[in-house]
Amino acid sequence: MNPVKKLKLHIHKKIYGKCREMKEMPPLTQYTLGDAEKLSLIYPVYVENKESLSKIFNNIKLYESYSPEILKNLNIIIVNDGSPLTIDWPEFNLNFSVLNIKENIKWNSGGAKNLGVCFASSERLLISDIDHTFPEETIDFCMKVTEKDNILCFNQIEFYDDGRSENLHSPHPNIFFLSKSNYFYLNGYDEDFCGYYGDDIFFRKYLLHLFPNKVFIAPVDSYIHEFKEAFKLRRKLNCRRLLLIKRYNHSKDMLRFNFTLGTQFTYRCK
């Protein structure tokens, strides 16, 4: 057998064996009327240079052009994941909050997402990376999803710095729409994987295993934009050994770092 296939089979047997015992599914989430359309968009960010910072500002500012009906119910949560660069946030006409993680922990995006979810005041969540933006139609769709227990992934269109774009293609592995209660049912991201690149891939596989009939790709007209070259990083999947060691016994230990609440703005309807 191919060594790579053998390793994948070994990981599947060792890690997902215990997951099969979890038969009970969480109950449908009941939204209160006042929370029916509210949505929290969570972006972890790690900024090393001013060029990346300007791209981040541009992506956030894009949302200011959306309709008042969208913006009054959209909350954007930025989790500054120990960036070495001091960030002076400009004022955005958005419901906008920044959380600052004080320690610089390598590949701590999972921990940053856990913090963003804990801070979110809405039941509906969009979890993404800052190199992706959601068109107004996609935000509107997420605010109106009626099956509250569904978990959604999104097809994407790639954009490049030189103006090129590509056709719609398969979902990104770390962008989800789900309820806050389902996120905590999954125990969020396992922070034992922080320090390793690839925790998003495992979180997705675990999610698909626990919710095999609840994870869907959103309709083709609800997609995301990905900006490829502006946020390019060197990355190498290096969490396979930890997957084998842990056998995926979730630590259930969240927020292993110090953090503070930073900049906040409130949307003002014009």
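This is a predicted model: local features need pLDDT of at least 70, side-chain atom pairs count only at pLDDT 80 or more; totals for chains, interfaces and linings use all residues.

Visitor: Okay, how are the rings of tyrosine 183 and phenylalanine 184 arranged?

Guide: Their centres are 5.9 Å apart and their planes sit at 85°. Planes over 60 degrees apart count as edge-to-face, so that's what this pair is.

Visitor: And is tyrosine 183 buried or exposed?

Guide: Buried, with a relative accessible area of 0%. Phenylalanine 184 has 32% relative accessibility, so it counts as partly exposed.

Visitor: What about tyrosine 183 and phenylalanine 203, how do those two pair up?

Guide: That pair is tilted, with 6.0 Å from centre to centre and 45° between the planes. Tyrosine 183 belongs to helix H6 (residues 180-185) and phenylalanine 203 to helix H7 (residues 199-210). They are 20 residues apart, so the pair links distant parts of the chain. Both tyrosine 183 and phenylalanine 203 are buried.

Visitor: Which residues form an aromatic cluster?

Guide: Phe57, Trp89, Phe92, Phe96 and Phe265 form one.

Visitor: Let's zoom in on phenylalanine 96. What does it touch?

Guide: Leaving out residues up to four places away in sequence, phenylalanine 96 touches Ile60, Ile76, Ile78, Trp89, Thr263, Gln264 and Phe265.

Visitor: Now the nonpolar core. How many residues are in the largest one?

Guide: It has 36 residues, and Ile78, Trp89 and Phe96 have the most contacts inside it. Elements giving two or more residues to this core include strand S1 (39-45), helix H2 (50-61) and strand S2 (74-81). There's also a second, separate core of 27 residues, with Ala112, Leu125, Ile127 and Phe257 among them.

Visitor: Switching topic: why is helix H4 described as largely enclosed by the rest of the structure?

Guide: Helix H4 covers residues 109-119, and nine of its eleven residues are buried, so the rest of the structure largely encloses it. The buried ones include Ser109, Lys113, Asn114 and Val117.

Visitor: Last bit, the whole chain. How many helices and strands does it have?

Guide: Eight helices and eleven strands. Of the chain's 270 residues, 50% count as buried.

Note on methods. Residues are numbered from 1 along each chain as its sequence is written. Side-chain values use heavy atoms; hydrogens and water are left out. Helices (H or I, at least four residues) and strands (E, at least two) are DSSP runs, numbered from the N terminus. Buried means under 20% relative accessible area, exposed over 50%, partly exposed in between (1.4 Å probe, protein chains only). A nonpolar core is a set of buried Ala, Val, Leu, Ile, Met, Phe, Trp, Tyr and Cys residues joined through side-chain atoms within 4.5 Å. Contact means heavy atoms within 4.5 Å. Rings of Phe, Tyr and Trp (its six-membered ring) pair if their centres lie within 6.5 Å; planes under 30 degrees apart count as stacked, over 60 as edge-to-face and the rest as tilted.
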